Amino acid sequence: MPIRLYNSLTRKIEDLAPRTEGEINMFVCGPTVYDRIHLGNARTFTIFDVVAKWLRYRGLNVTYIQNITDIDDKIIRRAADAGRDALEYAHVYDDLFRADMQALGNTAVSLYLRATDHIPQVIAQVKKLHDHGHAYLIEGDGWYFDLSTFPDYGKLSGRTGIAANDAVSRIDDSDKKRNTGDFCLWKLSKPDEPVWQDGELGDGRPGWHIEDTAITESVFGPQYDIHGGGADLIFPHHTNE
């Protein structure tokens, strides 16, 4: 009997067809560790824990990874309010998240991978996007993705703009953007913020939407079988990925 899953891209229930016979590579968008997770987060991670365990029960070899966003505007603000170093602050909540997952019995994840451990991969992706004409610099701000260069933008979510009831928007605000929905790939760090040095892009840190693609490409290559996450993140986060 085939395994059938709902495909958000086609909006249909479809037979699961592994790219490699007997193997499933699955990524689920993980937490931004600026606080304890809430019930909605726990629901998402529990559902996909069941999915991974069911696929394994059905005889598939599942490699299941989650990212840990341990550098982000929210983390920086919360850490500053607490008088803490941003990265140390994030890693405290990373540890608490993993403890919560264990307490819930969510044990299917093969690898938790932090964004800050994949900075070279993020930088390489930003440079590649720039080389192909998809990224531009706003001086003193960062490198942005130019939506006008990608005609298929929005095919996952069926939309290209922010709505008033979006649970999580996180579209970077700048009056210098070429298009309203353009989003930051590499943020130039302000004083007292975490910073990674790069002579071409400028000293900065990853934007929210690129870290997941850098992580998944480093493990799976450019394509894999299943991408999952909270439905409220389909736009803009998963659309931008």
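Axes here are lines fitted to C-alpha atoms, for helices over the stretch in contact, and angles run from 0 to 180 degrees between N-to-C directions. With that in hand, welcome to a few close-ups of this predicted model.

**View 1. Helix α2 packs against helix α3.** Here we look at α2, residues 73-82, together with α3, residues 86-103.

**View 2. The residues where α2 and α3 meet.** From α2, the contact takes in Ile 75, Ile 76, Arg 78, Ala 79 and Ala 82. Their partners in α3 are Ala 86, Tyr 89 and Ala 90.

**View 3. Ala 214 in helix α5.** Now we move to α5, which spans residues 211-220 and holds Ala 214. With a relative accessible area of 1%, Ala 214 is buried, because buried means under 20%. Leaving aside residues up to four places away in sequence, Ala 214 touches Gln 121, Val 122 and Gln 125. Gln 121 is 93 residues from Ala 214 along the chain, yet their C-alpha atoms are separated by 5.3 Å.

**View 4. Thr 216, also found in helix α5.** Thr 216 has a relative accessible area of 4% and so is buried. Around Thr 216 you can pick out contacts with Phe 27, Ile 65, Gly 221 and Tyr 224, again not counting residues up to four places away in sequence.

Definitions and conventions
Residues are numbered from 1 along each chain as its sequence is written. This is a predicted model: local features need pLDDT of at least 70, side-chain atom pairs count only at pLDDT 80 or more; totals for chains, interfaces and linings use all residues. Side-chain values use heavy atoms; hydrogens and water are left out. Helices (H or I, at least four residues) and strands (E, at least two) are DSSP runs, numbered from the N terminus. Contact means heavy atoms within 4.5 Å. Buried means under 20% relative accessible area, exposed over 50%, partly exposed in between (1.4 Å probe, protein chains only).
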